[in-house]
Amino acid sequence: MNQEWNDDDLEQKVDLRLWKKLLQYTLKYRKTGTTFLFVAFGLAICDLCFPLITGNLISEIEEKGGNVDFAPYLWMYGCATFFLCIFIYGFILCAGKIRTHVSYDIRKDAFQQLQELSFSFYDTKPVGWLMARLTSDCNRLSNILAWGVMDFIWGMMLMATISTFMLIYNWKLALTILSVIPVLFVISVYFRKKILTTSRLVRKANSKLTASYNESILGVRTTKVFVRNEENLRDFDTLAEGMQNHSVHNAILSAVYLPIVLTLGSVAIAVILAQGGHYVTLGALSVGEVVMFIYYAQMFFAPVQELSAWFAELQMAQASAERVLSLIESEPEVRDTEKVLAKIAESGNDGHTAEIGRIEFEDVEFQYRSGPTIIEKMNLVIEAGQSIALVGATGGGKSTLVNLLCRFYEPTGGRILFDGIDYRERSLTWLQSNLGIVLQQPHLFSGRISDNIRYGKLEATQEEIEEASHLAGAHEFIMNLDHGYDTEVGEGGIQLSLGEKQLVSFARAVLKQPKLMVMDEATSSIDTETEKKIQKGLEKVLKGRTSIVIAHRLSTIRSADRILVIEKGKIMEQGTHSALIKAGGKYHDLYTEQSMRDIVRIDTVMGS
Amino acid sequence: MSTEPIQSSNKTLWELIAYQKKRYLFAIAAMIIGTISLLSVPYVFKVTLDSLTSGQADLKTTLIPAALIIVGLNVLHGIFTYFRGKLTAEASESIVRSLRHELYKHLERLPCVFHDKSDTGDLVQRCSSDVETLRVFLATQVVEIARVALFFLIAMPIMFSQDFRMSLLSLSLVPVIVLVAILFFRKVRGLFQKVDEAEGKLTTVLQENLTGIRVVRAFGRGEFEMEKFLKRNGEFRELEFQLFKILSVYWSISDFLVFTQLGIVLIGGGYWVMQNQITIGTWILFWWLMRTIIWPIRHIGRVLADTGKATVAIDRIQEILKEKIESVEEVSDAPVEGEIVVRNLTYSYKEKQPVLTDLSLTIKKGETVAFLGPPGSGKSTLVNLLVRLYDYEEGSIQIGGHELKQLNRDSVRNAFGMVLQDPFLYSKTVRENVVVGRSSAADHEVEESAHAADIHSNIVDFEHGYETAVGERGVTLSGGQRQRLAIARALLKEPEFLVLDDSLSAVDTKTEAHILRSLAKRRGKHTTILIAHRLSSTRLADRIFVFDHGKLIQNGSHDELLSVKGPYQKLWNIQSDLEEEIEQDLSGAKKS
């Protein structure tokens with residue numbers, strides 16, 4: 001699913017500043033890095049030895065005929081092999097360590113940042129997009145920052161030592177070999193990029209196919225009822241054909257690339273054979289030396305291919321680097337101020353009372369970024385222990401008001417005061433630890449029901465959990481499940497119905513025993529009978545607590561101390577149920593209209 | 001060479017490959033020519049080097065032609081490698097494509113009974129990752145195995161024709177290298193899997209956190225979440241690092257073996273040259289050949305260890321393809337219309353208690369009926385049987401005098417316009433989703449039905465109106481909007497039978513009233529079945545059927561049912577009481 005969100009990848013100019021910052025992740029592992037430098041150098045030297053040993057052995061046999069002492073060659077070859085193996089072991093170990101640790105670090109930093117970023121950030125970024133940053137982008141970057149950097153160092157060392165050696169030994173043959181390198185590099189980069197682009201297309205096509213299967217299964221009834229199989233199959237075939245074309249194209253590119261590289265290499269080797277052979281006939285070179293140079297020429301191809309592959313990847317991964325860095329470096333909009341942080345560091349809290357008392361909205365205004373104003377100069381006082389119900393049409397600003405109160409967003413104008421102190425002068429932890437929130441779309445984490453309720457109070461005992469469930473009216477349905485409180489709820493609570501999820505999330509908030517309870521249409525999917533039970537529990541729970549409830553049900557609204565009718569970001573009417581009915585205004589209209597909605601559902605009456 | 005459809009369902013790996021026999025055969029031929037060209041290069045070297053050491057060589061007659069031949073052989077190898085790559089890609093992708101096609105077609109044709117018991121995630125995984133495993137196997141692993149095999153098949157005759165003892169020496173460690181590779185990868189397969197699982201767990205924690213970020217924040221559980229994440233992140237790091245550690249040992253050992261084998265060729269060959277048993281050229285030939293063919297062996301261990309996966313994958317795919325699809329009856333000329341007559345119908349889902357027991361009822365052509373009853377009373381089951389989503393065994397259902405079981409499934413479904421309880425929208429545009437009802441519909445007809453379902457005004461408010469995409473990348477519709485869109489498409493179909501299965505549960509009262517008025521206007525146009533949870537819908541019905549525990553307990557018109565003591569009357573009274581209470585509330589407020 002992650003690949004879907006990578007479609008903005010395009011080849012870009014390499015921004016060195018960006019990579020320099022990212023390189024800090026690699027440089028953090030100084031010890032491993034230093035070891036690696038040593039290992040890479042050793043590896044290059046070992047690599048250098050083999051052609052030399054081979055060439056010399058051939059030359060000596062060629063010259064001396066029957067009287068060669070093999071012992072030194074055996075020793076040298078044995079040693080070179082032994083050290084080579086040690087260094088290869090070290091190479092993979094170092095690169096592996098840096099690769100795994102760098103990806104751990106990047107993911108950790110990004111995750112930490114995500115825990116602090118404000119809701120306004122999440123409003124603009126879909127979960128899938130964020131997931132892709134922490135999975136595929138992180139993997140990609142850590143690969144470059146570990147294997148890429150290491151291959152670069154090793155390749156450079158190998159090429160530097162070999163070319164120095166060859167240039168000293170025979171500069172003419174050396175130049176023949178070196179002249180092929182730039183051509184090889186350019187061609188390699190060109191093809192690698194093309195291959196990367198097409199493989200991205202393949203991945204994209206593949207995720208479309210997967211989505212299509214998913215849809216065909218989820219929508220199978222609709223498809224059957226409307227006899228859509230043929231049409232769907234046709235659509236699917238178009239996708240599958242696209243996938244096939246991209247895949248074949250991708251494979252063909254590889255099938256062209258590798259032969260070209262090999263052929264180019266063979267040109268170098270052939271030229272050396274002819275050129276070197278000519279020197280042999282002139283008596284200037286031995287056959288062993290010709291073989292040695294051919295050996296060296298072959299050794300050049302691997303690092304050149306590796307380097308060009310990484311170079312291409314670097315260009316293609318530019319977008320990944322930008323996205324990840326911008327995520328790590330972004331500033332949360334809602335955060336503790338320096339002053340508050342200093343106070344916490346000093347005394348452990350923000351220096352004010354832990355209680356929640358009188359809440360005051362003072363000319364509060366709010367708009368999302370440059371969007372329209374959602375809350376207009378709102379003034380409101382909520383006394384400690386009061387229960388407030390918010391009513392009004394969708395989009396009127398009820399949820400925004402609640403979000404502001406919980407400091408998920410901060411007002412763009414005016415102030416929100418708790419006991420006379422602007423909440424921006426207080427710590428987030430203080431407010432959060434006093435809040436109990438039940439949302440309309442309740443989110444449960446995978447795990448057992450008890451774990452989900454315990455989220456409200458991590459150290460809660462089983463008794464406390466059951467008590468909270470009783471109050472929330474959730475106990476009964478939980479006990480009816482196969483494993484009671486130990487029932488697994490599945491990813492996102494998929495095993496439970498929406499109503500059941502609302503009950504569990506209600507229990508979770510109850511367990512927290514918050515001073516300020518906020519409920520956003522928290523019982524919308526619960527049947528009337530359960531609703532009645534909750535109502536009783538709710539009264540107990542809310543006793544002595546301040547509460548704000550957005551609700552559609554009359555029963556919930558009627559029992560509130562004060563009802564606010566909110567429309568177009570303004571408080572249109574407020575007062576008790578009877579006062580508002582008497583006034584015959586908007587609430588009266590809403591009530592008469594809404595009353596129809598509360599009509600008994602047939603199943604609750606008949607099912608019992 | 002075209003893509004032939006895979007017909008029969010039970011295919012082994014080899015049978016699958018056989019579908020693209022021609023391409024694979026040509027690919028093998030190309031590979032043979034390519035490999036021969038490549039392995040001839042050392043031979044050219046041998047000849048050249050021999051003529052150099054014997055002093056017979058000169059630039060024009062030996063060296064330049066040799067160089068040209070070497071380049072020529074490589075070009076030849078290149079060309080045939082290209083053909084091999086193209087052919088195998090085409091072959092494997094064709095096979096996979098027809099497999100995908102077959103899977104998709106099959107899934108859509110499998111009965112609801114199958115879909116009810118299977119897990120969507122699992123099915124999708126079989127269709128995507130298992131097919132992908134198979135694709136990788138067909139496209140690269142098969143080729144890799146063939147390439148290594150050919151290397152040896154072609155190199156061995158060359159070697160043995162040159163020198164028998166030298167050949168034995170050159171191949172002495174090869175079996176060990178192969179064995180070590182296979183044993184190693186077989187052993188670490190578990191670790192590879194563990195790493196994958198750890199990554200999966202990490203991703204899950206991440207996804208859970210991000211989707212539930214509002215809850216995390218609301219409960220101030222950032223630290224708790226961080227701990228959870230770091231634990232998984234750390235586990236993944238450790239396991240992956242462990243894998244690297246083991247791999248570093250393996251590559252180091254296998255490199256040692258390879259270099260030792262090459263060393264044996266070098267030193268042993270040198271010794272025989274010294275004793276004049278072979279020429280320098282032959283010596284280099286062996287050394288070069290071995291250098292060409294020995295490296296790929298190390299990877300083959302991994303490939304061979306992975307082939308098991310492909311067999312498992314194909315088995316998992318077969319399991320789907322082996323499932324029986326819905327029966328297909330002959331299409332008859334007579335249209336599906338008329339009276340619906342249900343007689344003594346009993347139905348149960350998979351050995352469970354019957355959902356419908358001995359049910360009999362008749363719905364006349366053009367009639368509007370309402371089904372009432374608690375959940376599980378059999379209302380939905382009955383309509384699902386009517387559109388043949390399920391097949392009944394006991395009793396009979398007749399439409400227009402024809403036994404439903406003998407009617408063509410698609411013809412039956414075409415006669416119905418059905419709004420399902422949980423309507424599904426395709427991730428297409430709004431228009432495309434409505435047009436599902438009738439693809440030939442004109443724009444004004446689409447809009448008319450959207451009007452009737454009271455969704456038109458919502459649609460035009462979307463940024464791109466009817467062309468707005470629905471789903472993850474477009475607008476997310478509320479439950480009520482989804483229901484109304486589904487109603488619009490059923491209305492657009494202008495079906496013989498219109499079925500609304502609890503399709504107004506998520507819409508508000510005003511909208512409900514609007515839709516019910518639209519339905520009232522169409523009264524008599526189609527036979528209409530309403531499954532409802534609110535009494536408001538039942539006032540529209542000519543007749544009301546009250547279900548309980550799979551049985552019909554009451555039926556009759558609203559007035560008839562109201563006049564007799566029973567569940568309907570009871571319901572109605574509760575409702576009236578409530579309305580009265582509200583009235584009092586309102587008037588009481590006014591008085592005081």
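These legends walk through several close-up views of a predicted model.

**View 1. The domains of chain A.** Let us begin with the layout of chain A. The domain assignment divides chain A into domain 1, covering 2-329, and domain 2, covering 359-598. Taken over C-alpha atoms, the centres of domain 1 of chain A and domain 2 of chain A are 54 Å apart.

**View 2. Two helices of chain A that meet at an angle.** Here we look at helix 3 (residues 71-116) of chain A, which packs against helix 10 (residues 318-329) of chain A with the axes 8 Å apart. The angle between helix 3 of chain A and helix 10 of chain A is about 50°, and these two helices of chain A are therefore oblique to each other. The crossing of helix 3 of chain A with helix 10 of chain A is left-handed. On the helix 3 side of chain A, the contact is made by I106(A), D109(A), A110(A) and Q113(A). Helix 10 of chain A answers with V324(A), L327(A) and I328(A). By class, the residues of this contact between helix 3 and helix 10 of chain A are 5 nonpolar, 1 polar and 1 charged.

**View 3. The sheet of chain A.** In this view, 4 strands of chain A form an open sheet in the order 2-1-4-5, with antiparallel pairing. Which strands stand at the edges of this sheet in chain A? They are strand 2 (373-382) and strand 5 (421-422) of chain A; each has a single partner strand, so one side of each is left without a neighbour in the sheet. Strand 1 (residues 359-367) of chain A runs antiparallel to strand 2 of chain A, and 6 bridges join the two. One residue pair to look for is Q367(A), whose bridge partner in strand 2 of chain A is T373(A). Helix 12 (residues 398-405) of chain A packs on the sheet, where it touches strand 1, strand 2 and strand 4 (413-418) of chain A. The direction of helix 12 of chain A makes about 60° with that of strand 2 of chain A.

**View 4. The domains of chain B.** Now we turn to chain B. Its domain assignment lists domain 1 (1-162 + 309-324), domain 2 (164-277), domain 3 (340-556) and domain 4 (566-592). Between the C-alpha centres of domain 2 of chain B and domain 4 of chain B there are 74 Å.

**View 5. A helix pair in chain B.** Helix 2 (residues 21-53) of chain B and helix 3 (residues 59-109) of chain B have axes that come within 8 Å and cross at roughly 165°. That angle makes helix 2 of chain B roughly antiparallel to helix 3 of chain B. Helix 2 of chain B passes helix 3 of chain B in a left-handed crossing. The contact of helix 2 with helix 3 of chain B holds 19 nonpolar, 10 polar and 3 charged residues.

**View 6. The sheet of chain B.** How many bridges pair strand 1 (residues 340-347) of chain B with strand 2 of chain B? There are 5, and the pairing is antiparallel. Look for I340(B), whose bridge partner in strand 2 of chain B is I363(B), and for L345(B), which stands opposite L359(B) in strand 2 of chain B. Strand 1 of chain B is also joined to strand 4 of chain B by 5 bridges, and these strands run antiparallel. There, V341(B) has Q398(B) of strand 4 of chain B as its bridge partner.

**View 7. Where the two chains touch.** Our last stop is the contact between the chains, with 118 residues from chain B and 116 residues from chain A. On the side of chain B that touches chain A, helix 9 (residues 222-274) of chain B gives the largest share, 28 residues. That side of chain B has 63 nonpolar, 31 polar and 24 charged residues.

Conventions:
Residues are numbered from 1 along each chain as its sequence is written. Chains are lettered from A and ligands numbered from 1 in the order in which they are written. This is a predicted model: local features need pLDDT of at least 70, side-chain atom pairs count only at pLDDT 80 or more; totals for chains, interfaces and linings use all residues. Domain bounds come from an automatic or database domain assignment. Two residues are in contact if their C-beta atoms, placed from the backbone, lie within 7 Å. Ala, Val, Leu, Ile, Met, Phe, Trp, Tyr, Cys and Pro count as nonpolar, Asp, Glu, Lys and Arg as charged, and the others, Gly among them, as polar. Axes are lines fitted to C-alpha atoms, for helices over the stretch in contact, and angles run from 0 to 180 degrees between N-to-C directions. Angles under 35 degrees count as roughly parallel, over 145 as roughly antiparallel, 65 to 115 as roughly perpendicular and the rest as oblique. A crossing is left-handed if the near helix is turned anticlockwise from the far one by less than a right angle, and right-handed if clockwise. Two strands pair if DSSP finds at least two bridges between them.
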